[in-house]
Amino acid sequence: MDTRSRWLLVSSLALSLLAGCGAADLADIDPQAIPEQPTYAELVGPMMHFYCSGCHAPKTQLGPNLAGYDYSSYSGTVAGFSGIEETVFERGDMPPGGATKLSLVEMETLRKWQQLGFPQ
Ligand code: HEC
């Protein structure tokens with residue numbers, strides 16, 4: 001399975017897990033849905049590409065490294081992780097507007113990645 005289809009599989013797993021839950025919180029997640037060894041190459045990079053780097057990258061229509069964040073590379077994502085914590089985990093305002101937000105499983109995958117020391 002290539003990275004993209006694996007990621008789609010994880011995402012759809014997450015969606016089916018969350019479907020039917022009202023106010024979703026951590027207690028609603030099957031801990032097994034969270035990958036044990038998430039890496040940048042396999043999961044985090046594709047996630048950032050899907051949700052963030054359309055706007056936060058060296059070259060976008062909105063300008064270079066919007067708000068000072070580059071989520072199109074490994075180093076930029078590690079350097080900007082505090083921005084993910086603030087806008088995704090705490091405020092829930094990125095990606096902005098009506099864009100699809102990260103699922104709880106995706107957020108926990110990012111936290112796990114951080115706990116493991118940002119494996120490449
Ligand atoms: C559709 C474009 C778009 C997407 C996609 C997007 N952002 Fe943003 N982001 C913006 C804009 C515009 C700003 C600056 C204006 C603002 O602060 O609202 C911003 C600001 C930020 C900031 C700085 C906020 C602050 O208070 O200083 C962070 C951190 C950030 N985004 C993280 C992310 C992350 C992480 C993702 C993916 C989960 C993401 N953004 C996806 C458009 C986007």
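A helix, as the word is used here, is a DSSP run of H or I that is at least four residues long, and helices are numbered from the N terminus; Thr87, for instance, is found in helix α4. The model described below is a predicted one, and its secondary structure comes to five helices and zero strands, so that, by the numbering from the N terminus, the elements run α-α-α-α-α. Of the 120 residues of the protein, 26% count as buried, and among contacts between residues at least 6 apart in sequence, 52% join residues at least 24 apart.

**Confidence in the model**

- The mean pLDDT of the protein is 87, and 78% of its residues reach 70 or more.
- Over residues 18-23 the pLDDT stays under 50, and for this stretch the model has five contacts beyond four places in sequence.
- Where pLDDT is low, the predicted coordinates should not be read in detail.

**The surroundings of the ligand**

- The ligand is surrounded by 18 residues, and the closest of them are Cys52, Cys55, Gly83, Met94 and Pro95.
- Helix α4, which covers residues 81-91, supplies the largest share of this shell, namely five residues.
- Sorted by class, the shell around the ligand holds 13 nonpolar residues, four polar ones and one charged one.
- Met94 and Pro95, both among the closest residues to the ligand, are joined to each other by a cis peptide bond, with an omega of about -5°.
- Pro95 itself is found in the loop between α4 and α5.
- Thr87, in helix α4, touches Asp93 and Met94 once residues up to four places away in sequence are left out of the count.
- Thr87 counts as partly exposed because it has 18 C-beta neighbours inside 10 Å, whereas a buried residue would need 20 or more.

**The nonpolar core**

- The largest nonpolar core has 15 residues, and those with the most contacts inside it are Val44, Met47, Met48, Tyr51, Cys52, Tyr71 and Leu110.
- In soluble globular proteins, nonpolar side chains tend to be buried together.
- Tyr71, one of the residues with the most contacts inside the core, touches Met48, Cys52, Ser53, His56, Ala57, Gly76, Thr77 and Gly80, not counting residues up to four places away in sequence.

- The buried residues of α2 are Leu43, Val44, Gly45, Met47, Met48 and Tyr51.
- Helix α5 has 12 residues and reaches 16 Å from its first C-alpha to its last, close to the 16 Å expected at 1.5 Å a residue.
- In α5, the residues Val105, Glu106, Met107, Glu108, Thr109, Leu110 and Trp113 are buried, a list that includes charged residues such as Glu106 and Glu108.

- Pro35 lies in the loop between α1 (3-18) and α2, and it is partly exposed because 16 other C-beta atoms lie within 10 Å.
- Although Pro35 and Val105 are 70 residues apart in sequence, they are 8.9 Å apart in space, C-alpha to C-alpha.
- When its neighbours within four places in sequence are left aside, Pro35 is in contact with Leu43, Thr109 and Lys112.

**Backbone angles to look at**

- Most residues other than glycine have a negative phi, and most peptide bonds are trans.
- Ala67, in the loop between α2 and α3 (74-79), has a phi near 60°, a positive value in a residue other than glycine.
- Ala67 is exposed because it has 12 other C-beta atoms within 10 Å.
- Phe118, found in the segment after α5, has a positive phi of about 60° although it is not a glycine.
- Phe118 counts as partly exposed, with 16 C-beta neighbours inside 10 Å.

Terms used:
Residues are numbered from 1 along each chain as its sequence is written. This is a predicted model: local features need pLDDT of at least 70, side-chain atom pairs count only at pLDDT 80 or more; totals for chains, interfaces and linings use all residues. Helices (H or I, at least four residues) and strands (E, at least two) are DSSP runs, numbered from the N terminus. Two residues are in contact if their C-beta atoms, placed from the backbone, lie within 7 Å. A residue is near a molecule or strand if its C-beta atom, placed from the backbone, lies within 6 Å of it. A nonpolar core is a set of buried Ala, Val, Leu, Ile, Met, Phe, Trp, Tyr and Cys residues joined through C-beta atoms within 7 Å. The expected span of a helix is 1.5 Å times one less than its number of residues. pLDDT is the predictor's confidence in each residue, from 0 to 100.
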